Structure formats: structure tokens, C-alpha cells
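Here is a quick walk through one protein model, written for someone who would rather look at residues than read methods. Keep the viewer open and follow along.

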Amino acid sequence: SSNSISTPMFFPLPSDLTKNRPKMESCRGFRMWAFVLMCLMFQSGNGFYLPGSYPHKYGVADELWVKVNSLTSIDTEMPFSYYSLPFCKPEGGVKDSAENLGELLVGDRIENSPYRFKMYTNESEIFLCQLEKLSDDQFKILKKRIDEMYQVNLLLDNLPAIRFTKKEDYLLRWTGYPVGIKIQDVYYLFNHLRFNVLVHKYEETNVARVMGTGDAAELIPTIGKEGSDKPGYMVVGFEVIPCSILHNADSVKGMNMYSKYPSPIKCDPSTVAMPIREGQPVTFTYEVTFEESDIKWPSRWDAYLKMEGAKVHWFSILNSLMVITFLAGIVLVIFLRTVRRDLTRYEELDKEAQAQMNEELSGWKLVVGDVFRAPTNSALLCIMVGDGVQILGMAVVTILFAALGFMSPASRGTLITGMLFFYMILGVAAGYVAVRLWRTIGYGDKKGWISVAWKAACFFPGIAFFILTTLNFLLWGSHSTGAIPFSLFVILILLWFCISVPLTLIGGLFGARAPHAEYPVRTNQIPREIPKQKYPSWLMVLGAGTLPFGTLFIELFFIMSSIWMGRVYYVFGFLLIVLILLVVVCAEVSLVLTYMHLCVEDWRWWWKSFFASGSVAIYIFLYSINYLVFDLKNLNGPVSATLYLGYSLFMVLAIMLATGTVGFLSSFWFVYYLFSSVKLD
């Protein structure tokens, strides 16, 4: 159900009605907040069924079809199509399932499969198909995929197949199952699958839909259809146990798909019996059992989303809070003791004493005539700040929506699709900030604003496009499903030039029309000479990135494990808190460093304030290399390592622009506030 809330439109009101306008607006605002609160309460209480993630009721003996996703491996990080290996194909041919933009970008290729179940009907020894002879190419590709530890990923009712293994009294949980296993130079194939489907009895009263209107929302129970008194079930779990069984090839000749295998099959996952050899036939079979479970439909993803180590996340947040408190103390000292004391002393003096004091001034007060001097490459700074605002806005909005549960893992690719959508829409903010900053630096001059807005629309997407195209050629060469299809490339370019660029130019137009910030002090014609420093200022700038890195490196490990090790990451509440803390730390670090530079009469603070917080990206990239060497040490081949480093570089660039922007804007506000508090001519 696609529910939309109509946004109230405000028209010019007659003068005698304007007094009621605030009341009307507040009333509408109250209704909107009431709806949001109601949604959140409904979510926490009875499970929140978003559009596209509603429960599906199956009657007894109704057909259920398993779908297959791309084969994946943490050793290569390159997904491949399921049917690139010699597996059984469905009778009606292979068909792609409906996919969204996000699924295609992350390399998911969901297709139909021949595995068929009947709801609440246990079946065993089901014959699937027999491959007459393994060709030389098929034999080689199977061996290669087994060596590279590729996993088969199956889906039933949108739930990934889960596999449990025991290790030293611990029960380990995995998604998917391996293609095969190598023991003493012999390759064994898992050709028999034992499925266990967990079902929960359909409860009509627990299912409700939200109907949205312009004014309020109400909960309406779903109306039962005819025959709803028959028992129905919902799929709440999907487990798989792979086995390697040596079948009698002659006994299955002439058998049809889904026929019963002539002899009993004992599936023992601890033993393997089906070695693969060139020219040898391979037989595939399966069995399925259904088990009624207490797991309710809204909780069926809990098994996948259980994130170990919640204490570690809290430790990360407490660690960040300590850093923030320490920095906040320094900032407070700067404001209350140093700046306020100097300003108070200065204002208490009479004019003659002020004139005498001007000659004896030291520290930041000496650079008053140069502090707002335009930086070198000012257009590039404006473009990077504009793009940083766009990336940061996208991150905050996406993580907020994910934390509220609007980007369910049940809807694959939603997160990436959402990020793309928010990034394009926030092009308006990028254009506005870039052009307004450009006009402020140019003392209100509008000349060249179109060029700045256009470059802001193309700077980060252009670099991203170059990196992704280069990596895509590597994936195309490997025939991986991770390669973006040419048609999708065209769609992405159209989205960029037909939506993102125009929105950025519109934002630039608003920025050109908005009043620029008037500097509180005049800039001298001749630049002041900067005294020789004891230590290179850039050394301090690069070192400043360690503090923001300290606030996020623990969370970074979980995110990296999610991206590269195939683990599910869904603690977006923690991530939102860490992001807020990161923004605060970046602002504080940059502010303190800017003040320190001004105190030693270094008025070139513009770029230094940007890189003081943006330098956290250097440490994240170094951490990525460390993760590659120590955690992904099994990564095979130069192609996989190049892909990893390429994607890491793309991520680091985005982080640098976002954190650098936070640092620059906080420093700009600080310098503006500082020099507008004192009148120096």
C-alpha cells in the first residue's frame, strides 16, 4: 500500500485572516508529528509493515519456489551468476527477478531456480536433474570456484538460506552454503541439499495496514478473503544443510524432474562422497521438512540481524564522548578565558589607550587585516565545501531513515537506492552553499557563479564515475555479476545530467540571489608577512585527523566486515550516534587548530581548517590497507586487491569532503564571530 500524506499548501491570505495563520500552521504541524509518532509507536509495538514487506500467506500444499542470488566469496570479492556453474536449470528457463537500482549496483542477480516446495508438506529423495558428463571447462570452473571458497546464496520468500555449524561448542551462523570442498587434493561437490523451512501459523488479527490521509492515520484490519478459515502459514525461517552424496547414475536415467529417487538418501554433513571428475555424470537431489515455529513474521529477520558485541558499540560511543568532552573543554577555555578576556580588556580602554594598544597587539589581533583575505584556489574550496554538504546531508538522511526502519533488509538494494536518491535531491544544497561561499569570498561579486555551480555538480560525481568505470572494466574482464551493465551506466549518466546537475544549478541560482556574508573587518591591500614557525603547520593539520578517527575506528571495523566479509550490518542507531559525535569532534578539532594558527599570526586558515578535520580520511585509508593485509589476507589475485583499494579510495574521498566541510564551516563561523566582536581599524 503506497500511503502518501498531502503536504499543506499555503496561499496568500486576506489581511483579516492572517492572524489565524500561525494557529493553522501549528495545527497542521501537530497533525504531521502525531502521524510520525503514531507510526513509530506502531513500529515498536506490533511490527511495522512497510510497503513491499508485507506477510505472504500460503495454504497447505501451495507451491513455494526457491530463488538464487549471485555466488559470492570473501576471497575474491567478485560475485558470479549462479548459472555460470553446471547446476540444474528450471524447466521453463532461467528468468531474472525484478531488481532495483541498488541491487544491480551491489552485484545481486536474483534468478528463479528449479527447487520447488509444497507448503507444510515434507518431501524426501526428490530427483532434480543429472548432468550427463562434466566437460573440461565445467570441471575447471568448478575446481576454481571451490578453491576460491564460493558460497551459493538461496532465497525463499525473500529470506536468505542460513546454515549452522558447530565449532568448539559454539554454534556458528552462515548465510548460504559452499559450492564444494577440497580434501587431500580431491574436489567434492555438494549435490544434495536438505532444507528446513520454519513456518508460523497465519494470524489475521495481528496484521493491519496503515491508511494515510491528509489529516490523520488510522489502523484498519485487513479484510479476510473467501476461504480464509483454511489454515495458512507464513515463512519465518529458511535453513539449508549441504551434503555430498554419491548417486547411482544408471538408476536415474530417464527420470523426470521432481520424481522420487529410487533408493533412500542419508544426508550426513560430516562426510563427503561425491568427487568430481572430468567426463563423469553429476546427479542433483534435495529434501525438505517443514517445522512450525514460535517466531512471528515481524521478527523473522532477527536471526540475520543479531549483531554480536553491543558492548563494543557502547564502548566506542563512550570513547568518543570522552574525546568530545576533552575538546569541548579546550574550546570553552578559548572562548571564555582567552577571547572574552582580551575583548573585555580592549573595550574598557579609552581611545588613546586603544591606539597605543593597537601598536602593541599580539596574536590573532594582528592578522585582523588579512584574516578574510581570499585563499588560493578559492573556487575549488567552494566546490569541495558544496559537495561536502551534499555528501554529509545524504549520509545523515539515509542513516536516519535506516535507523527508523524505513530501509528494511528485506528490500534488497534499498539502502544504495536511497543514498542515490538523497544525493541527487541534495544537489540543491551543494549548489547553494558553493555559490554563496563564492560570493562571500568575492565580496558579493556574482561573476562566475554558474561555473562554480556547474563544477560543484561534476566534481565528486566525475571522480566517482572515473573510479567506478575503471573498476568496472576489471569486473567485465572477469565476467563477474558485480560489473555494472552498460544499460545501467546509461541510466546513471542520465540521472546525473538530467536530475543532479539541474538541481545543483537551481541551488546555485538561489545562492547567487541570497545576500552574501559581509565581513566584519576590512582586508589590507598588502598581505602581512607570516612569521617563521617552529614546526610546519601542515604537520599539525595532518595530526589533527587522529582525533576524529579515534571516534569512529571501532564502528569502521563493523562496517568493513559487513562490506567485505559478508556479515549483516544493521545497527544504524549506533551509526547515527557515531556520525553525530564525528561531526562534533570534526568541528571542535578544526576550531581549535584555526585558533592556534591565528595566535601565531598565520592568517592562511581557509584550507587548513578544511584539512584539519578532512585529514581523518588519510587514517581511514591507512586502516583500509591494514584491514586488507591482516583481515583479508586470503584475498586472491591482483584484480581483487585493486577492486578493494579502488572502492576504499572512493569511500575515503567522500569522507574527506564531508568531514572537511564540517571543519571549514565551523572555523568560518568561529573566525567571523571572533572578529565581529572587536572593532579594529
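## A bent helix

Helix α13, residues 546-564, bends by about 50 degrees at L552. The bend at a residue is the angle between two fitted axes, one through the seven residues ending there and one through the seven starting there. Helices here are DSSP runs of H or I with at least four residues, strands are runs of E with at least two, and both are numbered from the N terminus. L552 itself is on the list of buried residues of α13, together with others including P548, F549, G550 and W564. Buried means under 20% relative accessible area, exposed means over 50%, and partly exposed is in between (1.4 Å probe, protein chains only). After α13 comes G566, with a positive phi near 75 degrees.

A word on what you are looking at: this is a predicted model, where local features need pLDDT of at least 70, side-chain atom pairs count only at pLDDT 80 or more, and totals for chains, interfaces and linings use all residues. Residues are numbered from 1 along each chain as its sequence is written, and side-chain values use heavy atoms, with hydrogens and water left out.

## Strands around β17

Now turn to β17. Of its 11 residues, 8 are buried, so β17 is largely enclosed by the rest of the structure. Strand β4 (residues 123-131) runs antiparallel to β17, joined by 6 bridges, and L131 has V282 of β17 as its bridge partner. Strands count as paired if DSSP finds at least two bridges between them.

Strand β13 (residues 192-201) runs parallel to β17, with 8 bridges joining them. L193 stands opposite Y286, and R194 is partnered with E287. β13 also pairs with strand β16 (residues 232-243), this time in the antiparallel sense over 10 bridges; there, H200 has M234 as its partner. β13 is mostly covered, with 8 of its 10 residues buried.

## Two disulfides

The whole structure holds 2 disulfides, a disulfide being a pair of cysteine sulfur atoms within 2.5 Å. One joins C88 and C129, with the sulfur atoms 1.9 Å apart. The pair links distant parts of the chain, 41 residues apart: C88 is in the loop between β2 (63-68) and α2 (101-105), and C129 is in strand β4. Both cysteines, C88 and C129, are buried, and their link is left-handed, at -85 degrees about the S-S bond.

The other joins C243 and C267, with 1.7 Å between the sulfur atoms. This pair also links distant parts of the chain, 24 residues apart, with C243 in strand β16 and C267 in the loop between β16 and β17. The link of C243 and C267 is right-handed, at 70 degrees about the S-S bond. C243 is buried at 1% relative accessible area, and C267 is buried at 9%. Number the bonded cysteines in sequence order and the pairing reads 1-2, 3-4.

## Salt bridges

How many salt bridges does a search of the whole structure find? It finds 11, counting a side-chain nitrogen of Lys or Arg within 4 Å of a carboxyl oxygen of Asp or Glu. D157 and R300 form one of them, with the closest N and O atoms 3.0 Å apart. This pair links distant parts of the chain, 143 residues apart: D157 sits in the loop between β6 (154-156) and β7 (159-160), and R300 in the loop between β17 (282-292) and α4 (302-305). Both D157 and R300 are buried.

D370 and R373 meet at 2.6 Å, N to O, and are both buried too. K144 and E148 meet at 3.0 Å, with K144 partly exposed at 42% and E148 buried at 12%. R145 joins K144 and E148 in a network of salt bridges.

## A nonpolar patch

On the surface, L542, I618, L622, I625, V629, F630 and L645 form a nonpolar patch with about 600 Å² of accessible area together. Such patches are made of residues with over 30% relative accessible area and no salt bridge, with like charges joined within 9 Å and nonpolar side chains (Val, Leu, Ile, Met, Phe, Trp, Tyr) within 5 Å. The areas come from the Shrake-Rupley method with a 1.4 Å probe, and for residues only the protein chains shown count as cover.

Helix α16 (residues 616-630) gives the largest share of the patch, 5 residues. L645 is found in helix α17 (residues 637-676) and is partly exposed at 32% relative accessibility.
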